[in-house]
Amino acid sequence: MGNERLTATIQDLVEYGREDEWRRQGLPEQDILFSRVSGIDGRDVRVFRDVTRRGFLIVVRCPKVTARAWHGKVAPKPMAVKAKTGTSGVVVARDRMYVSDYDLMSAWRGSGGGFEKIFMSAEGGAAHGPWSPEAQALALELNKTLTSRIQHGCQDDYLSPLNPGVKLSDHFAAFRLGVAEHLADSTACARYYATNRLSWPYDAAGKFVG
């Protein structure tokens, strides 16, 4: 060993343990590798891939990469908690620990060689309200098997001045017909939308324009 020093952190050890757990559960290595870059729980990578194999395209804003160790261990951060998660991907608020969650950006169904939007939000930018039966069914199917459940509708469909928009530092995961692709920032995500002929509702500064 010579003068080498042990540099593994608690985060490293927890992540190693989660990956070992996933492998014992039979999770494909490709989903574990995608978890490393996206921060999405490896089991949830498989859920998104499995669901989209049936003709869907789903785009998700990823959490901090370090959050991958904590999905299923602590609850996803609810919208009511405004405190930001730290570099560990978790935050303590109201005497509880929460993990950085993933946000649905948009959902699409395959149609005629392209994709049509599945509108997943209350009409008119309302904070609460009914969704279409198709949107409800897709959300229920995802949450039936996701380790960190989706807590609200698609951001792209939140037709409100309160829509937070996107930041260049945001990173995203696109699941298209069972294939996962990591999009390193909002510019890459906008390019992905254009490639797949999807409507990108943000301007060059990331402001929501509908």
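## Surface and ground rules

Accessible areas come from the Shrake-Rupley method with a 1.4 Å probe, and for residues only the protein chains shown count as cover. By that method, the protein chain exposes about 11,100 Å², and carbon and sulfur atoms supply 56% of this area.

The model you are looking at is predicted, so local features need pLDDT of at least 70 and side-chain atom pairs count only at pLDDT 80 or more, while totals for chains, interfaces and linings use all residues. Residues are numbered from 1 along each chain as its sequence is written, and side-chain values use heavy atoms, with hydrogens and water left out.

## The overall layout

Let's start with the big picture. The protein chain has 5 helices and 8 strands. Here, helices (H or I, at least four residues) and strands (E, at least two) are DSSP runs, numbered from the N terminus. If you read along the sequence, the pattern is α-α-α-β-β-β-β-β-β-α-β-β-α.

Of the 210 residues in the protein chain, 47% are buried. Buried means under 20% relative accessible area, exposed means over 50%, and partly exposed is in between (1.4 Å probe, protein chains only). Contact means heavy atoms within 4.5 Å. Among contacts between residues at least 6 apart in sequence, 60% join residues at least 24 apart.

## Two nonpolar cores

A nonpolar core is a set of buried Ala, Val, Leu, Ile, Met, Phe, Trp, Tyr and Cys residues joined through side-chain atoms within 4.5 Å. The largest one here has 24 residues. Phe48, Ile58, Leu104, Met120, Leu138, Leu142 and Phe175 have the most contacts inside this core. At least two core residues come from each of helix 3 (42-52), strand 1 (56-61), strand 5 (103-111), helix 4 (133-145) and strand 7 (172-176).

Leaving out residues up to four places away in sequence, Phe175 touches Phe34, Ile40, Val45, Phe48, Arg49, Thr52, Phe56, Leu57, Ile58, Val60 and Ala180. There is also a second, separate core of 16 residues, and Trp108, Phe115, Phe172 and Leu198 are among its members.

## Charged partners

Side chains of opposite charge can pair when their charged atoms come close. A salt bridge is counted when a side-chain nitrogen of Lys or Arg is within 4 Å of a carboxyl oxygen of Asp or Glu. By this rule there are 18 salt bridges. One of them joins Arg18 and Asp41, at 3.9 Å from N to O. Arg18 lies in helix 1 (residues 10-24) and Asp41 in the loop between helix 2 (29-38) and helix 3, so this pair ties together parts that are 23 residues apart in sequence. Arg18 is buried at 4% relative accessible area, and Asp41 is buried at 0%.

Another pair is Arg49 with Asp31, where the closest N and O atoms are 2.7 Å apart. Because Arg49 lies in helix 3 and Asp31 in helix 2, the pair ties together parts that are 18 residues apart in sequence. Both residues are buried. What about Glu29 and Arg23: how far apart are their closest N and O atoms? They are 2.8 Å apart, in a salt bridge. Glu29 is partly exposed, at 36% relative accessible area, and Arg23 is partly exposed too, at 35%. A network of salt bridges links Glu19, Arg23, Glu29, Arg36 and Arg68.

How many disulfides does the structure hold? The count is 0, where a disulfide is a pair of cysteine sulfur atoms within 2.5 Å. For Cys62, the closest cysteine sulfur is in Cys189, 9.2 Å away, which is too far for a bond. Cys62 is buried, with a relative accessible area of 9%, and Cys154 is buried at 2%.

## Two residues to look up

Ser160 sits in the loop between helix 4 and strand 7 and is buried, at 11% relative accessible area. A polar atom of the Ser160 side chain lies 3.0 Å from the backbone nitrogen of Leu162. Apart from neighbours within four places in sequence, Ser160 is in contact with Gly125 and Phe208.

Glu15 lies in helix 1 and counts as buried, at 18% relative accessibility. Glu15 and Ala69 are 54 residues apart in sequence, but their C-alpha atoms are 4.9 Å apart in space. Not counting residues up to four places away in sequence, Glu15 touches Thr66, Arg68 and Ala69.

Note on methods. A polar contact is a pair of N or O atoms within 3.5 Å; within protein, one must be able to donate a hydrogen and the other to accept it, and residues adjacent in sequence count only if both atoms are side-chain atoms.
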